[in-house]
Amino acid sequence: MRVKLLNKISLHGLKRFDAEGYLYGEEFEEYDAILVRSAKLHDMSFSKELKCIARAGAGVNNIPLDRCSEEGIVVFNTPGANANAVKELVIAGLLLSARKLVQGINWVKSLCEEDDVAQLVEKGKANFVGPEIAGKKLGVIGLGAIGVKVANAAAALDMEVYGYDPYISVQAAWTLKARIHHVKNVRQIFEECDYITLHVPCNEHTKGMIDAQALSSMKENVRLFNFARGELVDENALIEALQAEKLAAYVTDFPSKHLLTVERVIALPHLGASTPESEDNCALMAADEIIEYLQYGNIKNSVNMPEVQMPQEAKYRICIINKNIPDMISSVAAKLSAEGINIENMVSKGRGDYAYTILETNDEISLELLERMRQREGIVRVRIIVQDHV
Ligand SMILES: NC(=O)c1ccc[n+]([C@@H]2O[C@H](COP(=O)([O-])OP(=O)(O)OC[C@H]3O[C@@H](n4cnc5c(N)ncnc54)[C@H](O)[C@@H]3O)[C@@H](O)[C@H]2O)c1
Ligand SMILES: O=C(O)CC[C@@H](O)C(=O)O
């Protein structure tokens, strides 16, 4: 199996691919899997053999999910694997923006030609006074893997934290500290919070969610943090709000040419997940997802297909991606039984427009039969996995 790498991936994860079964590298023209971080795949034409894409990270807006589903390509991400790294950077961002650290550091550097630095520092430090974060209101929009950690850490630093997430998972809700206020309308965060941080995925519903209206409903001197995706914020409206001194700071991991010259912008080079720990975690999880799918057909942490896992207990495993419509399973089962093939085990799950089915048998399956299955309308992909040792 060939795994094409599109970004720098931690060796820790790559070591999971044993040399007997896998080759990995950047150069392949034909490949079975892609392992990617932030590289954009929307304009990439895929190898015919491509079966899955693993995003070593959380955001999948760099991957054409609809096209992948239509072509029967399973897309994975690595939920939570880099959440702690991002949380720590957001906390750094809160402190950077409140205490004017960047401006202070730059000013001190500018004194390098002076002899009386200690005296100048004492005289000039009044220009860099900034508030403490304790007791201030922080609004966290999106309470997933990162948002929950940020909310809890900020509460531990004595901030008063408000959280908004209409789709919060049970797991996230359990993890959230009891003292985080639950907000039902995001406007409450805009109207009441001194610090606002975004932790939602970038999709058609969230793009531009911080627009002119949202910005105008915010209090004066709000500090806004965007460690999620640049497109969540309407850049023109943001620049206007910064120039009008409505916002005290915009701290972002997603700089653009226009933002770089705007005052009160603190821009980082997409460093959220750039820690050795997070890079190892993401690469390990992504590599395991690819291996589990290519070798066993099991799907874990997919963003476009259902979760389906079953231990292999028969020699042949047929893995089918099909449209989530009536008569799919019955027609496959009929084709198998017409050839005298007995199904030993089976699992099938739907998710949105697609479904995934694993069927197991110990009876020999001909290539013609697999081809006939592929021809059936609604069947997107059929793959057979043979385990001789079962
Ligand atoms: N800066 C970085 O390096 C970096 C690293 C990791 C993730 N990210 C970005 O952060 C995002 C969040 O990451 P995560 O790991 O917490 O993901 P996650 O999937 O665990 O959490 C996202 C949360 O957002 C919520 N949500 C979705 N739409 C919402 C809406 N309209 N309003 C409020 N909440 C909404 C979901 O219910 C979910 O709980 C990623 O999608 C990615 O774009 C950036
Ligand atoms: O891979 C990275 O460095 C960034 C990942 C991050 O943007 C994510 O969405 O997980």
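Select domain 2 and domain 3 to begin: their centres, taken over C-alpha atoms, are separated by 49 Å. The bounds of these domains come from an automatic or database domain assignment. That assignment divides the chain into domain 1 (1-82 + 276-304), domain 2 (83-267) and domain 3 (306-390).

The structure is a predicted model, in which local features need pLDDT of at least 70, side-chain atom pairs count only at pLDDT 80 or more, and totals for chains, interfaces and linings use all residues. Residues are numbered from 1 along each chain as its sequence is written, while chains are lettered from A and ligands numbered from 1 in the order in which they are written.

Next, colour the chain by pLDDT, the predictor's confidence in each residue, from 0 to 100. The average is 97, and 100% of the residues score at least 70. The model has an ipTM of 0.99 and a pTM of 0.96.

Now display the whole chain as a cartoon. It contains 14 helices and 16 strands, which are DSSP runs numbered from the N terminus (helices: H or I, at least four residues; strands: E, at least two). The C-alpha trace spans about 90 × 45 × 35 Å along its principal axes. Of the 390 residues, 38% are buried, that is, 20 or more other C-beta atoms, placed from the backbone, lie within 10 Å of their own.

Move to ligand 1. Its shell has 33 residues, of which G59, G142, G144, Y167 and G272 come nearest; a residue is counted if its C-beta atom, placed from the backbone, lies within 6 Å. Because domain 1 and domain 2 both give residues to the shell, ligand 1 lies between them. By class, the shell has 19 nonpolar, 11 polar and 3 charged residues. Here Ala, Val, Leu, Ile, Met, Phe, Trp, Tyr, Cys and Pro count as nonpolar, Asp, Glu, Lys and Arg as charged, and the others, Gly among them, as polar.

Then select ligand 2. Around it are R37, S38, G57, A58, G59, N82, H270, G272, A273 and S274. This shell has 2 nonpolar, 7 polar and 1 charged residues.

Finally, select residues 317-387, which the unreviewed UniProt entry annotates as "domain: ACT". Such annotations may be inferred rather than shown by experiment. Over this stretch the chain is 28% helix and 42% strand, with the end C-alpha atoms 8 Å apart.

Technical notes. Buried ≥ 20, exposed ≤ 12 C-beta atoms within 10 Å, placed from the backbone.
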